[in-house]
Amino acid sequence: MTKTVPYTGGEKDSLHIALDRHRDTVLWKLDGLDDEQLRRPMTPTGTNLLGLVKHLATVEYGWFCTPFGRETEKLWFDASTEDMTVAPDETTADILAFYARARAAADRAIDEIPLDTIGTAWNGRKVSMRWVLIHMLEDVVRHAGHMDIVRELIDGATGTHPQSTSA
């Protein structure tokens with residue numbers, strides 16, 4: 001993780017950088033693993049690394065874009081039941097590209113929508129961009145923690161970012 005939350009930065013920039021740090025951790029958790037390892041269910045409920053990335057892409061669109069009337073892509077799966085599962089015909093590249101598009105759309109929304117702007121969430125609740133940023137930071141951190149455990153179970157790798165090899 002090369003991004004650092006500024007100690008005296010503005011509220012929106014600080015929240016966005018904190019979110020990005022953990023988004024980057026999510027992607028780093030996939031480094032060096034093959035397709036079988038990324039899809040391997042590691043809990044009784046079937047949690048796997050690639051499914052968590054698919055879920056995070058779904059919620060990036062669902063929280064940053066939809067409540068504020070921003071464009072999202074048409075999903076090819078049922079987000080209410082299939083956002084954490086990876087179908088056999090969904091490739092790793094497909095899921096990573098989906099996450100990249102969702103993250104880019106969310107970043108545009110964050111950049112363009114003031115913190116106090118109110119939108120309507122999928123459940124009918126009124127939410128501010130500030131609340132969405134906090135909520136998504138919580139969600140990404142939670143799932144990055146899940147990914148840390150899953151990755152450790154797969155190959156023993158731990159941590160939030162690659163360790164520097166330079167002295």
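Modeller: A crossing is left-handed if the near helix is turned anticlockwise from the far one by less than a right angle, and right-handed if clockwise. The model here is predicted.

Colleague: Which hand does the crossing of H3 and H4 have?

Modeller: H3 and H4 make a left-handed crossing.

Colleague: Why are H3 and H4 called roughly parallel?

Modeller: Their axes cross at roughly 25° and come within 8 Å. Angles under 35 degrees count as roughly parallel. That makes H3 roughly parallel to H4.

Colleague: Which residues of H3 and H4 meet?

Modeller: On the H3 side they include Leu50, Val53, Leu56, Tyr61 and Phe64. On the H4 side, Ile95, Leu96, Phe98, Tyr99 and Ile110 are among them. By class, the contact of H3 with H4 has 16 nonpolar, two polar and four charged residues.

Colleague: What makes H1 and H5 roughly parallel?

Modeller: Helix H1 covers residues 11-28, and its axis crosses that of H5 at roughly 25°. The cut-off is 35 degrees, and angles under it count as roughly parallel. H1 and H5 are therefore roughly parallel to each other. H1 passes H5 in a left-handed crossing. The two axes come within 9 Å.

Colleague: Which residues of H1 meet H5?

Modeller: Leu15, Leu19, His22, Val26 and Trp28 are among those in H1. Their partners in H5 include Leu133, Met136, Leu137, Val140 and Met147. This contact of H1 with H5 has 13 nonpolar, three polar and five charged residues.

Colleague: How do you know which way H1 and H4 run relative to each other, roughly parallel or roughly antiparallel?

Modeller: H1 and H4 pack at an angle of about 175°, with their axes 12 Å apart. Angles over 145 degrees count as roughly antiparallel. H1 and H4 are therefore roughly antiparallel to each other. H1 contributes Leu19, Arg23, Asp24 and Leu27 to the contact, among others. H4 contributes residues including Leu96, Tyr99, Arg103 and Asp107. The contact of H1 with H4 divides into seven nonpolar, one polar and seven charged residues.

Colleague: Why is methionine 129 called buried?

Modeller: Buried means under 20% relative accessible area. Methionine 129 has 0% relative accessibility, so methionine 129 counts as buried. Its place is in helix H5, residues 129-155. Among the residues methionine 129 touches are Phe64, Phe68, Ala109 and Ile110. Pro114 and Leu115 are also touched by methionine 129.

Colleague: How far is methionine 129 from serine 14?

Modeller: Their C-alpha atoms are separated by 14 Å. Along the chain, the two are 115 residues apart.

Colleague: What about serine 128, buried or exposed?

Modeller: The limit for buried is under 20%. Serine 128 has 16% relative accessibility, so serine 128 counts as buried. Serine 128 sits in strand E2, residues 126-128. Not counting residues up to four places away in sequence, serine 128 touches Phe68, Leu115, Thr117 and Ile118.

Colleague: Why does leucine 33 count as buried?

Modeller: Its relative accessibility is 12%. Buried means under 20%, so leucine 33 counts as buried. Leucine 33 is found in the loop between H1 and helix H2, which spans 35-39. Leucine 33 touches Leu38, Leu49, Arg151, Ile154 and Asp155, leaving aside residues up to four places away in sequence.

Colleague: How far apart are leucine 33 and isoleucine 154?

Modeller: They are 9.0 Å apart in space, C-alpha to C-alpha. In sequence they are 121 residues apart.

Colleague: What does leucine 49 touch?

Modeller: Its contacts include Leu30, Leu33, Leu38, Met147, Val150 and Ile154.

Colleague: Why is aspartate 94 called partly exposed?

Modeller: Buried is under 20%, exposed is over 50%, and partly exposed is in between. Aspartate 94 is at 38%, so aspartate 94 counts as partly exposed. Aspartate 94 lies in helix H4. The C-alpha atoms of aspartate 94 and arginine 21 are separated by 22 Å.

Colleague: How many residues does the largest nonpolar core have?

Modeller: The largest nonpolar core has 43 residues. Those with the most contacts inside it are Leu19, Val26, Leu49, Phe64, Met129, Leu133 and Met136. H1, H3 (49-65), H4 (92-112) and H5 each supply at least two residues of this core. H3 gives the most, with 11 residues.

Notes
Residues numbered from 1 in each chain as written. Predicted model: local features only at pLDDT ≥ 70, side-chain atom pairs only at ≥ 80, totals over all residues. Heavy atoms only, no water. Helix = DSSP H or I, 4+ residues; strand = E, 2+ residues; numbered from the N terminus. Buried < 20%, exposed > 50% of the residue type's maximum accessible area, 1.4 Å probe, protein only. Contact = heavy atoms within 4.5 Å. Axes fitted to C-alpha atoms, helices over the stretch in contact; angles between N-to-C directions. Parallel < 35°, antiparallel > 145°, perpendicular 65-115°, else oblique. Nonpolar A, V, L, I, M, F, W, Y, C, P; charged D, E, K, R; others polar. Core = buried A, V, L, I, M, F, W, Y, C linked by side-chain atoms within 4.5 Å.
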